[in-house]
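Please open the structure in a viewer and follow the selections in the order given below.

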Amino acid sequence: MRTDVLVIGGGAAGLAAAVSAAKSGADVTLVESGALGGTLTRRIDESFGTQTFGKLMTGREYVRRYTDMLSAYPRLRVIKGVVTALSADKTAEVVNPKGCFEYKAKAVVLATGSRERSVGMLDVGGTHPAGIMTAGAALKAMNVDGKRIGTRAVVLGSGESGVIATRRLTLEGVKVECVTERMPYPAVSPDIKVYCLDDYRIPLLLSAEVKEIRGDRRVREVVLSQNGEEKTVRCDLLVIAAGRMPLNALYGFIKRGAGGPETDSHCMTSAAGFFICGNALRVRAGADNVSEEGETAGRYAAEYAANGAAAKKAFWLTPSGNVTEVCPRRFIAGEGCYVSVRTSRPIRNGSLVLMNDVGEIVARIGKKSFFPGDETTFYLTADDVNRNLYVGAEECL
Amino acid sequence: MKEIICAACNKGCRLSVDSDLYEVSVSGNECALGRDYAVSEYTNPVRTATFNVRVRGGTAAVVSAKTDRPVSLAKILPASRLLKKLYVDAPISEGQVLFSSLLGEKIIATSSVEKADNNE
Ligand code: SF4
């Protein structure tokens with residue numbers, strides 16, 4: 001089967017990409033293996049939509065806004081299935097209960113999302129009995145399956161998924177004894193920390209680690225260490241919120257840098273006609289940002305499918321100093337675009353600093369706060385970026 | 001005196017709030033929004049609360065729900081405990097009022113649940 005734009009994954013990124021590619025006039029095939037909306041369907045908390053729809057809504061309501069849009073485009077098909085292979089000539093093999101199908105696309109949008117780190121990937125000693133689950137699995141059990149999953153819990157990790165799971169556990173009647181964070185600061189922005197932890201007086205232990213899990217059939221207690229001191233906390237549930245990793249098994253042929261595939265400001269990878277967006281590109285907080293990126297990817301994928309590649313001059317943006325990540329890495333000359341950065345430590349009231357290749361500062365941009373658990377986004381104009389640049393961040397005086 | 005990190009925008013100013021008999025005073029805010037935020041957090045923080053409500057006779061065991069407006073934080077845990085004792089009957093459609101007055105607040109569904117086929 002032939003299609004202009006093949007979108008792989010129907011979460012926040014893929015839905016937005018499919019709708020925007022269809023809006024640009026392309027024939028679109030969206031492949032999703034589970035429920036449309038991906039992990040957003042587990043999010044019943046009201047944290048989404050202000051940027052995209054101008055109104056705060058729950059994850060589910062946000063997804064329904066998008067799924068309602070799909071039917072407006074007769075040339076947009078949703079296929080339930082798993083993409084088992086993808087080749088550099090843009091042919092994808094899709095498997096579902098009806099059989100195995102081959103799709104030949106003119107452009108491909110990878111929106112495959114991310115996977116949570118599990119306890120096995122962490123350095124935690126002791127036994128691994130029942131009662132250990134990832135934050136995403138905990139949210140699904142409570143919000144989708146309506147299950148009661150424990151009575152007393154410890155949550156490992158203070159990132160967004162950890163604190164959101166903590167609040168949900170609390171409202172479902174599970175007592176969260178504490179949330180541990182490896183770093184000396186919370187891995188989530190201050191407002192979310194207030195709404196999820198402080199509101200319910202949940203202790204957050206900074207610079208703390210789960211050393212050991214004890215219990216035979218079910219978790220009985222965990223040993224925590226904080227600043228060299230150890231203590232034992234009784235619990236029957238350990239929730240792992242140790243971050244997520246982009247799912248990227250499908251596209252070994254796309255060149256990657258240290259931080260994953262390096263995209264340009266149109267979300268195109270180094271492989272022409274392959275676009276990547278959302279958590280598949282890099283893990284980030286907030287579905288609205290992901291949707292916006294999906295929309296960009298979908299629009300340019302449609303343009304690519306219609307007109308093919310037009311070689312565009314691009315400048316490199318390279319992270320430097322306490323900036324650990326910059327996205328996109330290639331800034332298309334002559335166009336403005338949003339650039340997101342992450343820093344290795346929190347900076348209150350900081351500016352983005354643009355430097356040339358000998359380290360001279362050519363511009364300071366904006367005045368915003370940086371939190372390691374989240375990214376901070378700046379709009380850079382074509383005048384800001386007219387050569388290869390290094391990107392740093394520093395406190396404003 | 002209380003220290004509050006302002007959450008009214010993502011700048012995250014550190015605010016201190018103090019009060020005497022007559023007024024609440026705020027410092028550290030860089031804009032008026034921050035003042036309003038601090039006063040509300042100090043006197044009566046409000047949140048839109050979201051819940052799962054158990055469903056009888058539906059294709060799903062629970063339906064997601066929220067209060068129809070921001071409600072006093074002090075009500076949220078008690079409301080969640082009360083809801084654990086209650087059921088709603090399928091079918092339920094998004095936006096439907098599940099409880100018109102739970103601790104005085106309206107609870108509405110944020111997703112839909114169909115009626116289960118009963119052919120057992
Ligand atoms: S005081 Fe104003 S500028 Fe500071 S965080 Fe609050 S809303 Fe933002």
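Is Lys90(A) buried or exposed? The model is a predicted one. Select Lys90(A) in the loop between strand E6 (82–86) and strand E7 (91–96) of chain A. Lys90(A) counts as buried because its relative accessibility is 12%, below the 20% limit. Most residues other than glycine have a negative phi.

Next, select Arg201(A), in the loop between H6 and strand E14 (204–205) of chain A. Here too phi is positive, near 50°, in a residue other than glycine. Arg201(A) is exposed, with a relative accessible area of 75%.

Proceed to the cis peptide bonds. In chain A, display the bond from Cys327(A) to Pro328(A), which is cis with omega near -5°. Pro328(A) sits in the loop between strand E24 (323–327) and strand E25 (330–332). In chain B, a cis bond joins Ala90(B) and Pro91(B), with omega about -5°. Pro91(B) belongs to the loop between strand E8 (87–89) and strand E9 (97–102) of chain B.

Now centre on Thr376(A), in strand E29 (residues 376–380) of chain A. Thr376(A) counts as buried, at 5% relative accessibility. Leaving aside residues up to four places away in sequence, Thr376(A) touches Val339(A), Ser340(A), Val341(A), Lys368(A), Ser369(A) and Phe370(A). For a polar approach, show the backbone oxygen of Ser369(A), 3.2 Å from a polar atom of the Thr376(A) side chain.

Contacts involve 27 residues of chain A and 26 residues of chain B. Together the chains bury about 2,400 Å², of which 47% is on carbon and sulfur atoms. Five salt bridges are found across this interface. Select Arg64(A) and Glu94(B), a salt-bridged pair whose closest N and O atoms are 2.3 Å apart. Eleven residue pairs across the interface of chain A and chain B are in polar contact. Among the elements giving two or more residues to the chain A side are helix H3 (59–70) and strand E28 (361–370). H6(A) gives the most, with four residues. By class, the chain A side has nine nonpolar, six polar and twelve charged residues.

Finally, select the ligand. The residues around it include Cys6(B), Cys9(B), Cys13(B) and Cys31(B); Lys11(B) and Glu30(B) are also among them. This shell divides into six nonpolar, three polar and two charged residues.

How values were computed:
Residues numbered from 1 in each chain as written. Chains lettered and ligands numbered in written order. Predicted model: local features only at pLDDT ≥ 70, side-chain atom pairs only at ≥ 80, totals over all residues. Heavy atoms only, no water. Contact = heavy atoms within 4.5 Å. Buried area = accessible area lost by both parts, 1.4 Å probe. Salt bridge = Lys/Arg side-chain N within 4 Å of Asp/Glu carboxyl O. Polar contact = N/O pair within 3.5 Å; in protein donor to acceptor, adjacent residues only side chain to side chain. Nonpolar A, V, L, I, M, F, W, Y, C, P; charged D, E, K, R; others polar. Near = heavy atom within 4 Å. Buried < 20%, exposed > 50% of the residue type's maximum accessible area, 1.4 Å probe, protein only.
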